[in-house]
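Open the model in your viewer and keep the selection tool ready.

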Amino acid sequence: MLNNEISALQSELETLKYRTSSLDICTSENYLQHIESLQRHELQLESLESRQLFSRKIRKTTRKLYHLQSFNNLFTELDYEVPRIIEFIRGDLQKYLIFRSLWKEYENMQTTIQPWLAMVETQLENDGSVDLIYSELKAYSNIHEKANDNFTTALETIQLADEDMQRQLHIQFENRWKTLREKLEKLRSDRKEIEFNNLLGFQDETKNLLEQSMQTTDLPLSSFATMKIYWHTSRSSAFKGSLERDTKE
């Protein structure tokens, strides 16, 4: 009876060794099924280990009946192989569980960012608000950086069969993000330069008008007029300083 049980354990072990070594290639589409298979194999191996321990206890009580070398060899193989495969399965399972957490979070973040990116690309083509889109871009930047971190760490955790395709898709999105950011920054920079040049022109014109007024009349300017010109000149200088600071940013 014990001999039959040990033979059954041996046969089951060989079956599990084959199944664990021939799991389907893991992709970003089937990794959840891969995890389920590993969890199922782990349970089967734990059950096999329990039965092995029970058989060993029986053997100890009947040592005289089961003292053949071939019988001992079966126990020795089970003692070595079962813990080894369980350790292998648990190690793989841990990696896939970490990947699942990272990848699901990455997909959720991309599901948020990608529709927004497509929307603002269209808005920008239709003369949408540059400042509004830029502020939204800055608000999404933290999510974008987190998504990139998750993507990199996930692909370092396990090997995906479709890794090259996933990297290509990721690069395509990154290029769109970079293009949008650079376009917005250029539009904002060009607008500040135009505003700055317009202000310089306004300031020069104000000074010219003041000089002309002083030259064409012998009468002193009224206090009100003097204050008005001073106010315009001071306000222009302050605005100029503000634009210069913005341009440096």
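Buried means under 20% relative accessible area, exposed means over 50%, and partly exposed lies in between (1.4 Å probe, protein chains only). This is a predicted model: local features need pLDDT of at least 70, side-chain atom pairs count only at pLDDT 80 or more, and totals for chains, interfaces and linings use all residues. Residues are numbered from 1 along each chain as its sequence is written, and side-chain values use heavy atoms, with hydrogens and water left out.

**Stop 1: the core**

Select Phe99 and Trp103. These two have the most contacts inside the largest nonpolar core, which has 27 residues. A nonpolar core is a set of buried Ala, Val, Leu, Ile, Met, Phe, Trp, Tyr and Cys residues joined through side-chain atoms within 4.5 Å. Now colour by helix. Helix 1 (2-21), helix 2, helix 3 and helix 4 (130-157) each give two or more residues to this core. The largest share, 12 residues, comes from helix 3. Helices here are DSSP runs of H or I with at least four residues, strands are E runs of at least two, and both are numbered from the N terminus. In soluble globular proteins, nonpolar side chains tend to be buried together.

Stay on Phe99 and show its surroundings. Leaving aside neighbours within four places in sequence, Phe99 is in contact (heavy atoms within 4.5 Å) with Tyr31, Ala154, Thr157, Ile158 and Leu160. Next, select Ile113, Trp116, Val130 and Tyr134. They are among the 13 residues of a second, separate core.

**Stop 2: the rings**

The whole structure holds 8 aromatic pairs. Rings of Phe, Tyr and Trp (its six-membered ring) pair if their centres lie within 6.5 Å; planes under 30 degrees apart count as stacked, over 60 as edge-to-face and the rest as tilted.

Select Tyr31 with Phe99. Their rings pair edge-to-face, 5.2 Å centre to centre and with 85° between the planes. Tyr31 lies in helix 2 and Phe99 in helix 3, so the pair ties together parts 68 residues apart in sequence. Tyr31 is buried at 4%, and Phe99 is buried at 0%.

Move to Tyr106 and Phe151. This pair is tilted, with 5.2 Å between centres and 45° between planes. Tyr106 sits in helix 3 and Phe151 in helix 4, so parts 45 residues apart are tied together. Both count as buried: Tyr106 at 6%, Phe151 at 3%. Ring pairs link Tyr31, Phe99, Trp103, Tyr106 and Phe151 into a cluster.

**Stop 3: the charges**

How many salt bridges does a search of the whole structure find? There are 6, each a side-chain nitrogen of Lys or Arg within 4 Å of a carboxyl oxygen of Asp or Glu.

Select Glu42 and Arg90. Their closest N and O atoms are 3.1 Å apart. The pair links distant parts of the chain, from helix 2 (residues 31-61) to helix 3, 48 residues apart. Glu42 is buried at 17%; Arg90 is partly exposed at 38%. Include Glu46, and you have a salt-bridge network of Glu42, Glu46 and Arg90.

Select Arg176 and Glu121. This salt bridge has its closest N and O atoms 2.9 Å apart. The partners are 55 residues apart, Arg176 in helix 5 (residues 163-216) and Glu121 in helix 3.

Finish on Glu81, in helix 3 (residues 69-125). Glu81 meets Arg84 in a salt bridge of 2.8 Å, N to O. The two are 3 residues apart in helix 3, so about one helical turn separates them. Glu81 is buried at 11%, while Arg84 is partly exposed at 37%. Not counting residues up to four places away in sequence, Glu81 touches Leu13 and Lys17.
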